[in-house]
Amino acid sequence: MTSRKLNKLNVLVYTGTGSTLESVRHCIYSLRRLLSPNYAVIPITETAILKEPWAPTCVLLVFPGGADLGYCRVLNGPGNRNIAQYVRRGGGYLGFCAGGYYGSQRCEFEVGNASMEVVGSRELGFYPGICRGGAFKGFEYHSERGARAADVRVRKEGFDGDEELPEVFKCYYNGGGVFVDAEKLAGEGAEVDILAEYEGDLDVESGEVKAAMVYCKVGEGAAILTGPHPEFDAVNLGRHSDLPEYEKLIEELAADEPSRTTFLKACLTKLGLEVSRGTAVPSLSKLHVSSIHHNEVGELLHSLDDIITKEDGGEYIKGENDLFHLEKPESRWDLTSLSRALQSELERPRISPSRGSPDPTTNYSHIPKRIVSHETAWPEPKETPYFNHAVYYSSLRQSREQNPGAEEWGDVLMYGEVVTSTNTLLEKNHKLLSHLSTGFTLAATTQVAGRGRGSNVWVAPPGSLIMSTVINHPAHLASTRPIVFIQYLAAIAIVEAIKTYDVGYEDFPVKVKWPNDVYVRDPNNPDSVTYVKVAGILANCSYTAGNYQVVLGIGINTNNARPTTSLDAVIPLMSNKDSLQPFKIERLLARLLARLEVLYGEFVKGGFSKELEEKYYRYWLHSNQVVTLEAEGGVRARVVGITRDWGMLKAEEVTEGGINGALRGTGRVWALQSDENSFDFWKGLVKRKI
């Protein structure tokens, strides 16, 4: 690999003034899945475009949807000169919707509409003509009322006749333009290829061809501009109760998802990028460290001084399993460190194209984990588009007001959009873990090597609440406050965080399943009372300096309906469903940490008390359930509770012969340990784990 190719491994997505959070989220989501592990997809703001040396490492600059006047306001002049020079010298530009208007020579939007009209020339001018919109009427800012699943016809000749491309596919549209006279300009010598056309009548004049997406040769580089949004994935579109037709839009887009993905891959390939084969696992993102009190970030870094090493001007923590690179603002665009980190990314094992799933043997430990410390302000929403830190910290303050005794847990938060596993990053790096205080929390949006009990490994999709928190449990308490109870406290905390999420959620149908799962009423069977898993708990433990360090991992399907169900999917089952809002992960995380801190405090003071035991039974699924004990020769037994000393499941043998044929207890009781037995709730079997 040449040094030039090595340095051009960044796909930069503009997240500055003018872009919208929703468009940024869709853009980063799709690009990471189509370009990983070949490239790093990284947010960039106007400040970096104006002042940082981003161009030498950039293979593609992407402008998402939004309002192009915002782009003009901050980038006209020096910023646009940097962009134009980058493209003309061999770079790539991809503009979706507003990014398409912005990349054209002239923008004409809602001409004649006094409240919305935007008309004027644009400095980049990659498309040597007019982008005119909205192509379809109905657009409203910050609304989905004008959205539609537009029919788009592919011009295969624009892709050298690629026969694998679809003829027509549905594509999300909301306010985008049409590239006027594209056919005429190409005939007059302009280096323009039409990649796709709108089907049906438009509400603006387009010229002979209704060009929806175009490719423009620009010096040694190229640009692709779009009116609709081929980067919008139906899986990331939420329901809108006030827009009954929106459900149909999502269904239509979902049905054409393979065609949309194939088309977007072809666009990226035409721009010279190497797309992933199959469905790739997204590349790892940066880890952002922040605190409810900004000074605590500096205090944390100071406490890590003795494990930080300095090499080539960079600071690193060499953990037992992972290498952490501590970034400084002035070193974010250092080409040497970027190249070294990205080279490691390229060397990681690929996805099996035949399976389209992650290879569980992938060794992510070779990829440096980049940590960004935020010592003066929380990360901006567009820097972490799937997690709003301001919402989290305000919710944490509110949760503490409602939970006396909750004071510190969650103060310091490390968040990554895409991580290997929150539990692995902490538990497998003892050098780092030993310096972390109780309540330090690592949260993520997506896990590519999530861990469950045993050797289970999976990719956790967006829409899940994924977190691990550190609990330093004093060793001298271990005999009277056994660590096994912490998973039971976590189960109670999850249930109570959901039921106290806000007014109206008190009767949310959520239950505890022994030993470490949480179930909800199954929304796919509304006519019967059945339950399905919505959350899991995993606790790992190590010993250091007089404490058992517990890394408590929790995953809750919050907004994502797959692979089982989610909290949001249960809301329609509620009698007061019309007054309930979808769950916000930030708010739910704050609630969970506050409840967990209070419950753990009660446990330290009084052990697994009668009050805690009663809470656990109030929420659990197993009262009087009859099970079969396989390890005891198929004996039938009734679940009667858990032991308060070591948290084992109690089951009493039963036989027939009671009144009216009822089962009666024999007095013979078994105590089953949660780390040796597996409880299959539906089949009523307690199996010994092998």
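Leaving aside neighbours within four places in sequence, which residues is Thr643 in contact with? The close-ups below come from a predicted model.

**View 1. Thr643 in the loop between β28 and β29.** Beyond its neighbours within four places in sequence, Thr643 is in contact with Phe485, Met648 and Lys650. The loop that holds Thr643 runs between β28 (635–642) and β29 (649–655). Thr643 has a relative accessible area of 12%, under the 20% cut-off, so Thr643 counts as buried.

**View 2. His389 in helix α12.** The helix spans residues 389–402. His389 is buried, with a relative accessible area of 1%. Neighbours within four places in sequence aside, His389 is in contact with Ser290, Trp378, Pro379, Thr384, Leu413 and Tyr415. With Thr384 there is also a side-chain polar contact of 3.4 Å. Leu413 is 24 residues from His389 in sequence. In space, the C-alpha atoms of His389 and Leu413 are 9.2 Å apart.

**View 3. The largest nonpolar core.** This core has 73 residues. Phe508 and Tyr616 have the most contacts inside it. Helix α15 (residues 485–499) gives the largest share of this core, 12 residues.

**View 4. Tyr616 and its contacts.** Neighbours within four places in sequence are left aside here. Tyr616 is in contact with Tyr488, Ala491, Ile492, Val512, Trp514, Pro515, Phe608 and Ile642.

**View 5. Another core, apart from the largest one.**

Methods
Residues numbered from 1 in each chain as written. Predicted model: local features only at pLDDT ≥ 70, side-chain atom pairs only at ≥ 80, totals over all residues. Heavy atoms only, no water. Helix = DSSP H or I, 4+ residues; strand = E, 2+ residues; numbered from the N terminus. Buried < 20%, exposed > 50% of the residue type's maximum accessible area, 1.4 Å probe, protein only. Contact = heavy atoms within 4.5 Å. Polar contact = N/O pair within 3.5 Å; in protein donor to acceptor, adjacent residues only side chain to side chain. Core = buried A, V, L, I, M, F, W, Y, C linked by side-chain atoms within 4.5 Å.
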